[in-house]
Amino acid sequence: PGKIRLRIDSSVPPPFYLKAASYDSYAAGNWLNSRSRFSPFQATKHNTWRLGQETTGELTDNIVIEMAMNGSLSVLPVPYGLKSLSGDEILQLQKNPSGVLQAKTDTGLLIYRCDYMEKPAPHHGEPTPTELKLPENEKGWIHRTLLKLKDASQSPEKAVLALKTMFNRHFRYALSIRRPQGNPDLKSFMLQIKSGHCEYFASATALLLRGINIPTRYVTGYVVDEKSPFGSQYLVRARHAHAWVEARIEGKWKIIDTTPSEWLQRHSGSGSDPILERIGDLISYIKNRIRRFFKGDKTRRNRFLFIALFALILTLVIKVSIRLKKNPPSNRESSSPVIHEPYSEFSEIVKRLKKYGIAVKRGESYLQWFKRIDGLSPETKSELIRLYRIHLKKRFDPNGLTESENRQFRQQILAWLRQER
């Protein structure tokens, strides 16, 4: 749920809805698009495509969207009221009669700019007979539900308000539902369970509005509701995927979203641990900035981050080099029973204990192991634990041991080994 799908740069709060796809035909619990055939859409100039709108002269805003590609072809989530779209990595833009855009690219990270009207509205042609069609096996529950809604037959606006009120008062949002066997999905959702996710609310709304002769489309996409804690981008995660309805009311297509408003809060509190998610966000942000830097985005922020990362890596390399100079691995042969491994001579004690059949248990720390060993005097155990702590200092402390401390440590190891023969 926490996986980042889109990153959005915008100087103003971006549009709440980003439309990806729309469907006009419902059958056997699935939405299909009878007008899904894509055709190439010609650019008006280099890598810029103009899209016609009903209204002209409106003020426009723009957003820049980053999307990780899973292949060379992908549907593009875009804001409503789109006037133009541009992107250097787009090799070809395709469009279907429903207004859905599909881009072909050869890059793993697609960056595209959307210019849209400040007060956008859906506009993708005149309604078709398919957008009024009701499946025969769904008409029963649709008729029963509409009979209970007093305002449904008065006007389209009152019908929409009645549906929103019904869903908010008598239904609840849930990520998963239990469906009674033998019942169609939407029928059991509407008449029995009254609980489900956005796909159920949008599907039921689309069919109910068709029941009072309002053309509708089922729409999928994302909502933009989260500002990144790192940088100025907005984040769109997998959990922000959403479904809603476009309805033709008084000659215009309008967005109708009847999913109870708490769905976003429910999603925010689910899924991955918040701390782990933030750590993942930071790693993802750094990787994204580096990728943007090498793609040519050498803004001041990206240059600063790249320099900071380079300085951090250089500092770590210098520290490791200094430590290796202080404590070089010993290549001299020795007749002592100590095996001079690069990290510590303490490993010989561990081998001696294992040779006597006193093995460490799985998941047990060395300190727990030492305390558990029978047959060693308290003084011997105490000395063993003390040597182990020196071993830890030699292995993990950036300053390590001095040459004198190293000699003394080896002598103490030998003394312990002789004592425990």
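These legends go with several close-up views of a predicted model.

**View 1. The whole chain, before we zoom in.**
Let's start with the big picture: the protein has 11 helices and 20 strands. Of its 421 residues, 43% are buried. How far apart in sequence are the residues that touch? Taking contacts between residues at least 6 apart in sequence, 70% join residues at least 24 apart. Two cysteines you can look up are C114 and C198. C114 is buried, because its relative accessibility is 0%. C198 has a relative accessible area of 8%, so it is buried as well.

**View 2. A five-stranded open sheet.**
Follow the strands across and you read β9-β2-β16-β19-β20, paired antiparallel. Which strands stand at the edges? They are β9 (78-79) and β20 (252-256), and each has a single partner strand, so one side of each has no neighbour in the sheet. As a reminder, strands of a sheet pair through backbone hydrogen bonds, either parallel or antiparallel.

**View 3. Strand β2 and its two neighbours.**
Here we look at β2, which covers residues 17-23. This strand is mostly covered, with six of its seven residues buried. On one pairing, β2 and β16 run antiparallel and are joined by six bridges. To spot one of them, find S22, whose bridge partner in β16 is V219. On the other pairing, two bridges tie β2 to β9, again running antiparallel. Look for K19 here: its bridge partner in β9 is V78.

**View 4. The β19 and β20 end of the sheet, with helix α4 packed on it.**
Strand β19 spans residues 241-249 and is joined to β20 by five bridges, with the two running antiparallel. Within this pair, A247 sits opposite K254 of β20. Helix α4 (residues 198-210) packs on the sheet and touches β16 (216-223), β19 and β20. The direction of α4 makes about 10° with that of β19.

**View 5. T205, a residue inside helix α4.**
Zoom in on α4 and you'll find T205. Is T205 buried or exposed? Its relative accessible area is 0%, so T205 is buried. Leaving out residues up to four places away in sequence, T205 touches L163, F167, V245, I256 and T258.

**View 6. Helix α3 and what covers it.**
Helix α3 runs over residues 185-193, and its buried residues include L186, S188, F189 and M190. What covers them? The cover includes β3 (25-27), α1 (139-148), α2 (156-170), β15 (195-196) and α4.

**View 7. Helices α1 and α3 side by side.**
The axes of α1 and α3 are 9 Å apart, and the two helices pack at an angle of about 25°. That angle is under 35 degrees, so α1 counts as roughly parallel to α3. The crossing of α1 past α3 is left-handed. Where they meet, α1 brings W141, R144 and T145, while α3 brings L186, K187, M190 and L191. A handy thing to remember while looking: an α-helix has 3.6 residues a turn, so residues three or four places apart point the same way.

**View 8. Helices α8 and α11, another helix pair.**
Helix α8 covers residues 347-355 and helix α11 covers residues 403-419. Their axes come within 10 Å and cross at roughly 15°, so α8 is roughly parallel to α11. Here too, α8 passes α11 in a left-handed crossing. The residues making the contact are E348, I349, R352 and L353 from α8, together with I413, W416 and L417 from α11.

**View 9. A seven-stranded open sheet.**
Now for the sheet with the order β6-β10-β13-β7-β1-β18-β17, where the pairing is antiparallel. At its edges are β6 (48-50) and β17 (226-227), each pairing on one side only. Further in, strand β1 (residues 4-9) and strand β18 (residues 234-237) run antiparallel and share four bridges. Which residue of β18 stands opposite L6? It is V236.

Conventions: Residues numbered from 1 in each chain as written. Predicted model: local features only at pLDDT ≥ 70, side-chain atom pairs only at ≥ 80, totals over all residues. Heavy atoms only, no water. Buried < 20%, exposed > 50% of the residue type's maximum accessible area, 1.4 Å probe, protein only. Pairing = 2+ DSSP bridges. Contact = heavy atoms within 4.5 Å. Axes fitted to C-alpha atoms, helices over the stretch in contact; angles between N-to-C directions. Parallel < 35°, antiparallel > 145°, perpendicular 65-115°, else oblique. Left-handed = near helix turned anticlockwise from the far one by under 90°.
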